[in-house]
Amino acid sequence: MTQRPYNFSAGPAAMPEEVLQQAAAEMLDWHGSGLGVMEMSHRGKEFMSIAAQAEADLRELLAVPANFRILFMQGGGLAENAIVPLNLSRGGTVDFVVTGSWSQKSAKEARKYATANVIASSEADGHTTLPAPASWKLSADAQYVHICSNETIHGVEFHELPDLKSLGCDAPLVIDFSSHVASRPVDWSRVGLAFGGAQKNLGPAGVTLVVVREDLLGRALPICPSAFEYKTVADNASMYNTPPTYGIYMAGLVFQWLKRQREGDLTGIAAMEARNVAKARLLYDFIDQSAFYVNKVAENCRSRMNIPFFLRDESRNDVFLAGARERGLLQLKGHKSVGGMRASIYNAMPLAGVQALVSYMRDFEKEQA
């Protein structure tokens, strides 16, 4: 097979080529069953084994404690912006730290079901910094505190999750980790609930992952639809309604791929973190030494997954993108709300892809000088 183009899309994003090849080989007949996965009953023994293995592999990869439930749901991160307050707010007060477009959307949606307080915001800095947890104006009666731990559009990442207990807050921390799940370990001792769409680092669009502490189940508002109530979903092992079966299967293949990854003596998520650190450093270091490109995010909170950058002369944007396509570097245009460029370098993006991008950026800078 010839080298495929490098896909820098923010999501749906590139998937590991090995996973795509395995799925293609199993498309018509999964393990001699005579059925493709898309044709299976979600309550049949074949698919039940697929789902159980996917959950077990994910629990191992992310070191999810036994007192957390893993749920495979639908609706993506945007739906969870409603589903979380429907389940956890009790119609009371919920706190939000707004660090970019996604946390801003989350706060806006929660106001339909609860009193949503913005306790800190980086809007004045153009969402290029993170407000220090010590500066957060936490509500005494908050049912939970919500952060987006990696902002896909603005390229801002919490490199360490806040310790709410050290801030005198007993509320559970809710994290939207859609765009960096499985790229690094999670400190579950600081988390009450984590959610994320699969289409960036885990698989195709359609699956939403929710990892929720058991003591937070059973709190849903009466208006919460049954299919979105976490306790109902947990009690039925994510099979209360027909789940996104093929998406769960594909995510399961990604989990197995992640388990096979090696980087020196490291394996699994630790190996991916080391690889992601190296990829991000390569691109940021090049941008920082260049007088032609700029990244505006403060160094202490730069995302490893989503790297926005700008040409200092933005009149050259279209020429830059056209040249990138000719070099097999796809989906580099920045989000319409911020402009510029964005390189999303999720787990499936190899180091060679980032090296190819840096090589092109260097050549383009010389040509345009």
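Me: Which classes make up the lining of the largest pocket?
Reply: The lining of the largest pocket comprises 12 nonpolar, five polar and four charged residues. Please note that the model is a predicted one.

Me: What is the volume of that largest pocket?
Reply: The volume of the largest pocket is about 460 Å³.

Me: Which residues lie nearest its centre?
Reply: The largest pocket has a lining of 21 residues, and those nearest its centre are Arg4, Met15, Glu17, Ala348 and Pro350.

Me: Which element gives the largest share of that lining?
Reply: Helix 1 does, with three residues. Strand 1 and helix 1 each contribute at least two residues to the lining of the largest pocket.

Me: What lines the largest cavity?
Reply: Its lining has 14 residues, and Ala14, Pro16, Asn201, Leu202 and Ala348 lie nearest the centre of the largest cavity. By class, nine residues of this lining are nonpolar, four are polar and one is charged. Ala348 is also listed among the residues nearest the centre of the largest pocket.

Me: And which residues line the second largest cavity?
Reply: The second largest cavity is lined by Phe72, Ala198, Leu202, Val207, Leu209, Ala251 and Phe255. The class count for this lining is seven nonpolar, no polar and no charged residues. Leu202 is named here and is also named in the lining of the largest cavity.

Me: Changing topic: which residues touch the most other members of the largest nonpolar core?
Reply: Trp188, Leu209 and Tyr249 do, in a core of 56 residues. Helix 6, residues 245–260, provides the largest share of this core, with 10 residues. Apart from this core lies another of 27 residues, including Phe8, Ile307, Leu311 and Phe320. As background, nonpolar side chains in soluble globular proteins tend to be buried together.

Me: What is Tyr249 in contact with, leaving aside neighbours within four places in sequence?
Reply: With those neighbours set aside, Tyr249 contacts Gln22, Ala23, Glu26, Trp30, Val37 and Ile50.

Me: Now the backbone. Which peptide bond is cis, that from Gly11 to Pro12 being my interest: cis or trans?
Reply: The peptide bond from Gly11 to Pro12 is cis, and its omega is near -5°. Pro12 is placed in the loop between strand 1 (6–7) and helix 1 (17–25).

Me: What is the phi of Ser238?
Reply: Ser238 has a positive phi of about 65°, although Ser238 is not a glycine. Ser238 is in the loop between helix 5 (230–235) and helix 6.

Me: Is Ser238 buried or exposed, and why?
Reply: Ser238 counts as buried because its relative accessibility is 4%, and the cut-off for buried is under 20%.

Me: What about the phi of Gln331?
Reply: Gln331 has a positive phi of about 65°, and Gln331 is not a glycine. The loop that holds Gln331 lies between strand 15 (329–330) and strand 16 (341–344).

Me: Does Gln331 count as buried or exposed?
Reply: Gln331 counts as exposed because its relative accessibility is 54%, and exposed means over 50%.

Terms used. Residues numbered from 1 in each chain as written. Predicted model: local features only at pLDDT ≥ 70, side-chain atom pairs only at ≥ 80, totals over all residues. Heavy atoms only, no water. 1 Å grid on protein atoms, 1.4 Å probe; cavity = no way out; pocket = protein on both sides within 12 Å on 5 of 7 lines; lining within 4 Å. Nonpolar A, V, L, I, M, F, W, Y, C, P; charged D, E, K, R; others polar. Core = buried A, V, L, I, M, F, W, Y, C linked by side-chain atoms within 4.5 Å. Buried < 20%, exposed > 50% of the residue type's maximum accessible area, 1.4 Å probe, protein only. Helix = DSSP H or I, 4+ residues; strand = E, 2+ residues; numbered from the N terminus. Contact = heavy atoms within 4.5 Å. Points joined across faces, edges and corners; volume = space filled by probe spheres on them.
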